[in-house]
Amino acid sequence: MEKLTLGQALFCDIFWLIAFLICLPSIKKETTTGKYFFLWLFIALYSTFEFTGGDFYHYLAIYKNNISTTFERSHLEAFYYWLIQILPHDYYIWRFTVWGLAGFFWIQAIKNLKQNVRFAGLMFLLIVFFFFVGGRQALCFSVLYYALTIYYKEGVYKFKNAIIFLILIVCSYFLHKTAIVYILIMFISMLPLGKRTLLLSIILFPVIYKIFDSLSYLFISEYSAFNEESATSMESYMEGETYTRNIFGQIHLFINRFPIFLLLIYSIWRVFIKKDIIPKIYIILLRMIYILIYISYLFVGRNISAYIAPRFWDASLFPLTLFAAGYMYNKRQARFFRICFYLLLFSLLYRIAYNIYKI
């Protein structure tokens, strides 16, 4: 398998830095709106040449295998194989199409939320960036959250919006094998869950943790009745082997997650305890963030795949990015936001430096 070169890593890092410097002035009170198109173009181009991601060469190997005479479907969903067959046979065209679509739906979600594009871009670069540009699930999540913004979009066509919402939800289901889990979490988050529910979930965490293995396999067993392929994929993750991080891995994990926890705790305190008035969609996004992180820690410390807990954590960064871009915009001058901003920036710079170090 091909390996990342120093030139490729520097290309990606400089590209990211240019986008960051363009979006950086948005943390001040005086900021221009900017153009949505340029954020989409950056997402599409960077994702196309995202050499530093672990899945770049993995997808390349799958792509090469599936344009050969020995066509064999494995791992990817049917939609992505269909694109391989109908597009010109070029890996970069395929990547541009997949992540171009993901970027398009992400930008449409930002537009529906009426977020400042540069500040939304800054939150994107600091929170979800490396997970968005690396994995195909970005398309699934983008369609899912765009659907949510359609449903809660202000206007008189609520029935029409509901139909479009359901169509998009169905589409997202076919874009990743585990989409059903995130769709269910979205619908649960639309229920009127308040501070009592959050407090009860924290109190009951030890009990839920104890029985969670049984609940997980029960869900997979029931789900396999109508989608055996996706259920088998989820079960393979469940039955994988775990691993233990060394001290440097623990430090890296702490650096990455500490500012996320600060944002989550602060937001829950302000929204559910202090009763900040915000649009309903932001409350739903906040519930999704909490549920996804909660589930990720239900998997921690188990004798199962180490992929499961990080996947739920990574999935929480998508709604967190949309939430932070809207909720924190008017709090940009607050000391708390500045602290989180510098911690997030340090985390990203640490990751970039570590990627270069590994070469």
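Predicted model: local features only at pLDDT ≥ 70, side-chain atom pairs only at ≥ 80, totals over all residues.
Which crossing, left-handed or right-handed, does helix 1 make as it passes helix 6?

Residues are numbered from 1 along each chain as its sequence is written, and side-chain values use heavy atoms, with hydrogens and water left out.

First, the whole chain. The protein chain has 16 helices and zero strands. Helices here are DSSP runs of H or I with at least four residues, strands are E runs of at least two, and numbering starts at the N terminus. The chain has 359 residues, and 51% of them count as buried. Buried means under 20% relative accessible area, exposed means over 50%, and partly exposed is in between, using a 1.4 Å probe and protein chains only. Take contacts between residues at least 6 apart in sequence: 79% join residues at least 24 apart. A contact means heavy atoms within 4.5 Å.

Now, the opening question. Helix 1 passes helix 6 in a left-handed crossing. Left-handed means the near helix is turned anticlockwise from the far one by less than a right angle; clockwise is right-handed. Helix 1 covers residues 6-23, helix 6 covers residues 117-132, and their axes come within 8 Å and cross at roughly 140°. Axes are lines fitted to C-alpha atoms, for helices over the stretch in contact, and angles run from 0 to 180 degrees between N-to-C directions. Helix 1 and helix 6 are therefore oblique to each other. The cut-offs: under 35 degrees is roughly parallel, over 145 roughly antiparallel, 65 to 115 roughly perpendicular, and the rest oblique.

Who makes that contact? On helix 1, Trp16, Ala19, Phe20, Ile22 and Cys23; on helix 6, Arg118, Gly121, Leu122, Leu125, Leu126 and Phe129. They divide into nine nonpolar, one polar and one charged. Ala, Val, Leu, Ile, Met, Phe, Trp, Tyr, Cys and Pro count as nonpolar, Asp, Glu, Lys and Arg as charged, and the others, Gly among them, as polar.

Next, helix 5, residues 91-112. Its axis comes within 14 Å of that of helix 6, and the two cross at roughly 145°. This crossing is right-handed. Helix 5 brings Trp99, Ala102, Gly103, Trp106 and Ile110, and helix 6 brings Ala120, Phe124 and Phe132.

Last, His75. It lies in the loop between helix 3 (55-66) and helix 4 (78-86). At 34% relative accessibility, His75 counts as partly exposed.
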